[in-house]
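Q: I have a model open and would like to learn how to read it. Where should I begin?

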Amino acid sequence: SKTMSNLVVITFDNMEEAGEVREAIRRQEKGGQISLDDSAVVVKDTEGKVHVKNQMDRGVKIGAVSGGALGLLIGSIFFPLAGIAMGVAGGAAVGALADLGIQKKFVQEVSDALAPGASAIFLIVRQANAVAATAALKPYKGEIYHTSLSEEDEATLRRVLEAREA
């Protein structure tokens, strides 16, 4: 059966956590607990400059969407010259991302919402063991900016990310 990929965007109020969350998720991925189609980390430094950290080293190529579609899209917003390099594959990739509700405007909105010294992670999740996902996110306190998950899954995720206050 074709599983739907879900977009999850989580923002953090410091520059480190989005990257740390990606590492935590990577570890779960290696263990086969989580399967991502793509991920990208956006960091806004204290001067308000945006840095995109893309995950280009994925072993698995995903058809035309390979090469980090998400990073290409995000990169093309903040570094428009990089858009030229996207070429044909980029068009297909961006089409696939649009199906997930990721448009340039949306990425720009997330970036605008980030205060200087903050970060965000964009994840396109193909499948995830809820327990593993919870374990990966538990140490971090983030805010869900957007998700295409079911309401139930989203509620669980929010609980995990907010639990640190308790």
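Predicted model: local features only at pLDDT ≥ 70, side-chain atom pairs only at ≥ 80, totals over all residues.

A: A residue is called buried under 20% relative accessible area, exposed over 50%, and partly exposed in between. Glutamate 23, at 36% relative accessibility, therefore counts as partly exposed. Buried residues make up 45% of the 166 residues in the protein.

Q: Which elements does the protein have, and in what order do they run from the N terminus?

A: There are six helices and five strands. Starting at the N terminus, they run β-α-β-β-α-α-α-β-α-β-α. Of the contacts with a separation of 6 or more, 77% are between residues 24 or more positions apart.

Q: How is the span of a helix checked, for instance in helix 1?

A: The expected span is 1.5 Å times one less than the number of residues. Helix 1 covers residues 17-30, and its 14 residues should span 20 Å; the end C-alpha atoms are 20 Å apart, which agrees. Glycine 32 follows this helix and has a positive phi, near 80 degrees.

Q: Where do the buried residues of helix 6 fall when seen down its axis?

A: Take the residues themselves before the view down the axis. In helix 6, the buried residues are Glu154, Leu157, Val160 and Leu161. Seen down the axis, they fall within an arc of 120 degrees, so they line one face of the helix. The face turned away from the buried side carries the exposed residues Glu151, Glu152 and Arg159. On the buried side, the packing partners are strand 1 (6-12), helix 5 (130-137) and strand 5 (143-147).

Q: Which residues of the largest nonpolar core touch the most other members?

A: A nonpolar core is a set of buried nonpolar residues joined through side-chain atoms within 4.5 Å. The largest one here has 23 residues, and those touching the most other members are Ile10, Phe12, Val21, Ile25, Ile121 and Leu137. At least two residues of this core come from each of strand 1, helix 1, strand 2, strand 4 (118-128), helix 5 and helix 6. Another core, of 20 residues, lies apart from it and includes Val42, Leu100, Ala118 and Ala120. Returning to isoleucine 10, its contacts beyond four places in sequence include Ile121, Leu137, Ile144 and Leu161.

Q: How many salt bridges are there?

A: Side chains of opposite charge can pair when their charged atoms come close. The cut-off is a side-chain nitrogen of Lys or Arg within 4 Å of a carboxyl oxygen of Asp or Glu. By this rule there are four salt bridges. One of them joins glutamate 23 and arginine 26, at 2.7 Å from N to O. Both residues lie in helix 1, three residues apart, about one turn of the helix. Another joins glutamate 109 to lysine 105, with the closest N and O atoms 2.9 Å apart. These two lie in helix 4 (residues 104-113), four residues apart, again about one turn. Glutamate 109 is partly exposed at 33%, whereas lysine 105, at 61%, counts as exposed.

Q: Which parts of the chain does the pair of aspartate 37 and arginine 126 link?

A: The side chains of aspartate 37 and arginine 126 meet in a salt bridge of 2.5 Å, N to O. The pair links distant parts of the chain, with aspartate 37 in strand 2 and arginine 126 in strand 4, 89 residues apart. Aspartate 37 is buried at 18% relative accessible area, while arginine 126 is partly exposed at 32%.

Definitions and conventions. Residues numbered from 1 in each chain as written. Heavy atoms only, no water. Buried < 20%, exposed > 50% of the residue type's maximum accessible area, 1.4 Å probe, protein only. Contact = heavy atoms within 4.5 Å. Arc of directions from axis to C-beta.
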